[in-house]
Amino acid sequence: PLRRRGGRPAVIEPITAGFWHRLLAHVLDCLVGVCAWFLCSMWFVIGLWALDNPPRDLLDVALILLAVQGLALALHIAYHVVLVGGCGQTLGKMALGITVVRRDGGAPGYGRAALRCLGGLLSFASFGLGYAGVVFARERRGLADWLAGTRVVDSSPEPIAAPQITS
């Protein structure tokens, strides 16, 4: 390992993930989420009809639509909290080699992942205004990152070239 004077290990600052990597990871996560939601919703509706209980009026249809939307929200929260809290990455972030970490570089944990998910929902509810920090700030931290005390970094930085030894 690299050593500083005095024998202490050198600290290598993680590289903040760029906007385009984060955006592409978000798109991949959306694709995963839509596929999971579609399959779960399809089985939910099929299950209702299999019980010989098709919707009888407009109120029944409205309740089914509300339940399907609630399912989407529950899947979204579970996906982000479980994956970010457990390993610091969603499937989209894994594919692009980026990771969510605390400000001090540690694993975020489930509480911070839940706060981060809440921040993402607030950013979405504010018509994307909460994502402005990802575009304009030096650290690329959006509202979700500020709320949770996290940041998104490259988990696979470029390798450092070994010094050439000549004999």
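Q: In which loop does Phe 127 lie?
A: In this predicted model, Phe 127 has a phi near 60°, a positive value in a residue other than glycine. Its relative accessibility is 82%, and since exposed means over 50%, Phe 127 counts as exposed. As for its place in the chain, Phe 127 belongs to the loop between H4 and H5.

Q: Which ring does Arg 141 lie over?
A: Here we look at an arginine set against the face of an aromatic ring. Arg 141 is 4.0 Å from the ring centre, and the ring belongs to Trp 146.

Q: How are the rings of Phe 19 and Trp 20 arranged: stacked or edge-to-face?
A: A search of the whole structure turns up one aromatic pair. The ring centres of Phe 19 and Trp 20 are 4.9 Å apart, with the planes at 75°. Planes over 60 degrees apart count as edge-to-face, so the pair of Phe 19 and Trp 20 is edge-to-face.

Q: Is Trp 20 buried or exposed?
A: Let's take the two partners of the aromatic pair in turn. Phe 19 has a relative accessible area of 26%, which makes it partly exposed. For Trp 20 the relative accessible area is 66%, and the cut-off for exposed is over 50%, so Trp 20 is exposed.

Q: What order do the elements of the protein follow from the N terminus on?
A: The secondary structure comes to six helices and two strands. Reading from the N terminus on, the elements run α-α-α-β-α-α-α-β.

Q: How much space lies in the largest pocket?
A: Helices H1 (19–50), H2 (58–87), H4 (109–125), H5 (132–136) and H6 (143–148) each supply at least two residues of the lining of this pocket. The space in the largest pocket comes to about 1,100 Å³.

Q: Which residues are the closest to the centre of the largest pocket?
A: The lining of the largest pocket is made of 36 residues. They divide into 22 nonpolar, nine polar and five charged. Of the lining residues, the closest to the centre are His 26, Cys 30, His 76, His 80 and Tyr 131.

Q: Which helix gives the most to the lining of the largest pocket?
A: Several helices share in this lining, among them H2 and H4, each with at least two residues. The one that gives the most supplies 11 residues, and that helix is H1.

Q: How far apart in space are Val 27 and Gly 92, C-alpha to C-alpha?
A: Val 27 has its place in helix H1. At 40% relative accessibility, Val 27 counts as partly exposed. Along the sequence, Val 27 and Gly 92 are 65 residues apart, while in space their C-alpha separation is 7.6 Å.

Q: What distance separates the C-alpha atoms of Ala 74 and Trp 37?
A: Ala 74 lies in helix H2. With a relative accessibility of 44%, Ala 74 counts as partly exposed. Trp 37 is 37 residues away from Ala 74 along the chain, and the C-alpha atoms of the two are separated by 9.7 Å.

Q: How far apart in space are Arg 103 and Val 152, C-alpha to C-alpha?
A: Arg 103 is found in the loop between strand E1 (98–102) and H4. Its relative accessibility is 42%, so Arg 103 counts as partly exposed. Arg 103 and Val 152 are 49 residues apart in sequence, and their C-alpha distance is 9.3 Å.

Q: What percentage of the residues of the protein count as buried?
A: To be buried, a residue must have under 20% relative accessible area. The protein has 167 residues, and the share that counts as buried is 26%.

Q: Which element of the protein has the highest mean pLDDT?
A: Over the protein, the mean pLDDT is 88, and 87% of the residues reach 70 or more. Among the elements, H5 has the lowest mean, at 91. The highest mean, 96, belongs to residues 91–96, which form helix H3.

Methods. Residues numbered from 1 in each chain as written. Predicted model: local features only at pLDDT ≥ 70, side-chain atom pairs only at ≥ 80, totals over all residues. Heavy atoms only, no water. 1 Å grid on protein atoms, 1.4 Å probe; cavity = no way out; pocket = protein on both sides within 12 Å on 5 of 7 lines; lining within 4 Å. Points joined across faces, edges and corners; volume = space filled by probe spheres on them. Helix = DSSP H or I, 4+ residues; strand = E, 2+ residues; numbered from the N terminus. Nonpolar A, V, L, I, M, F, W, Y, C, P; charged D, E, K, R; others polar. Phe/Tyr/Trp six-rings, centres within 6.5 Å; stacked < 30°, edge-to-face > 60°. Buried < 20%, exposed > 50% of the residue type's maximum accessible area, 1.4 Å probe, protein only. Lys NZ or Arg CZ within 6 Å of the ring centre and 35° of its normal. pLDDT = per-residue confidence, 0-100.
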